[in-house]
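Here is a short briefing for a reader who is new to this structure.

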Amino acid sequence: MKSRLWRRTVEQWEIVKLRIIYVIICVVLLVAGLIIRRRMVRKARRRRLLAEPMTPEWKAILDRNIPLYQRLPEELKRQLEGLVNVFLSEKRFEGCGGQEINDEVKVTIAGQACMLLLNRETKYFPRLYTIYVYPATYVARQLTSNGWIDGQTRMGESWRYGPVVLAWNSVTGGANNIHDGQNIVFHEFSHQLDQEDGAADGAPILESRGCYATWAKVLSAEYEKLQRKAKKGRKTVLHRYGATAPAEFFAVATEAFLEKPKQMKRKIPELYEELKNYYKLDPVEWA
Ligand SMILES: [Zn+2]
């Protein structure tokens with residue numbers, strides 16, 4: 001009698017276990033289905049926005065505020081407009097210190113940021129949700145053991161797991177001068193590309209495993225060269241700020257690649273070639 005009862009309890013327990021497993025499988029399948037559906041909807045929306053012509057008002061802003069856009073070949077212009085459509089539908093802008101957020105601000109920033117995405121498979125800066133914009137250079141607050149204190153004055157910054165912060169006067173200043181190799185939007189958004197794999201180390205996600213060895217060889221050699229030259233106070237194609245860290249080197253090199261391509265190709269051809277392979281662009285052609 002006792003053993004029959006025991007067997008029944010075991011059988012009931014087995015049924016309960018099977019039901020729990022069944023519920024778990026259903027929940028997993030449901031969640032996976034929802035994720036896949038969400039990705040498919042996003043992919044379709046992005047495809048539609050990429051193909052959608054940009055409004056004349058936004059195009060006028062690109063024309064007026066980004067001289068580099070005017071130099072792009074027609075095919076790249078169309079591509080950039082589609083990328084900006086997607087970017088502006090997904091990212092949030094917030095004004096700080098009294099900065100107004102309007103189409104002028106949004107399109108000018110998006111137009112430059114999306115130049116880094118041209119001709120490439122892209123995830124549209126996946127870790128970035130919000131862009132904070134100050135009217136001018138701002139003082140960054142820093143958390144210390146004594147609490148929050150005022151830190152350095154900044155033109156912009158890019159956080160590893162979050163936002164980009166920009167000073168509007170630096171954004172317009174950087175866009176207007178296309179020959180000085182200094183552009184705060186290129187700089188901060190190249191940090192976003194670098195940080196996409198979770199590490200701010202000057203190595204963004206490259207096309208294949210084989211690319212990393214050449215990338216490391218070329219960029220670390222040029223980084224060390226820049227450090228030596230910066231120490232001696234010598235001027236180079238790259239701004240000396242690039243000598244402060246490998247991540248800064250990649251950001252500064254990106255600025256020079258797009259704004260001083262001829263000089264870079266002439267003076268640092270190996271670096272130019274690496275960036276050309278990564279960005280799938282050859283700015284010398286439209287310089
Ligand atoms: Zn930086």
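What distance separates the centres of domain 1 and domain 2, taken over C-alpha atoms? The two centres are 37 Å apart. The model is predicted, so local features need pLDDT of at least 70 and side-chain atom pairs count only at pLDDT 80 or more, while totals for chains, interfaces and linings use all residues. Residues are numbered from 1 along each chain as its sequence is written.

**Domains**
- The protein divides into domain 1 (9-51), domain 2 (56-177) and domain 3 (201-287), with bounds that come from an automatic or database domain assignment.
- Four residues of domain 1 are in contact with four residues of domain 2, contact being C-beta atoms, placed from the backbone, that lie within 7 Å.
- On the side of domain 1 that touches domain 2, three residues are nonpolar, none is polar and one is charged.
- Nonpolar covers Ala, Val, Leu, Ile, Met, Phe, Trp, Tyr, Cys and Pro, charged covers Asp, Glu, Lys and Arg, and the others, Gly among them, are polar.

**Phe125**
- Phe125 is not a glycine, yet has a positive phi of about 50 degrees.
- The loop between helix H5 (103-113) and strand E2 (130-134) holds Phe125; helices (H or I, at least four residues) and strands (E, at least two) are DSSP runs, numbered from the N terminus.
- Phe125 counts as buried because 22 C-beta neighbours lie inside 10 Å.
- The cut-offs, with C-beta atoms placed from the backbone, are 20 or more other C-beta atoms within 10 Å for buried, 12 or fewer for exposed, and partly exposed in between.

**Lys280**
- Lys280, also not a glycine, has a positive phi of about 55 degrees.
- Lys280 lies in the segment after helix H11 (269-279).
- Lys280 is exposed, because it has 12 other C-beta atoms within 10 Å.

Technical notes
Two residues are in contact if their C-beta atoms, placed from the backbone, lie within 7 Å.
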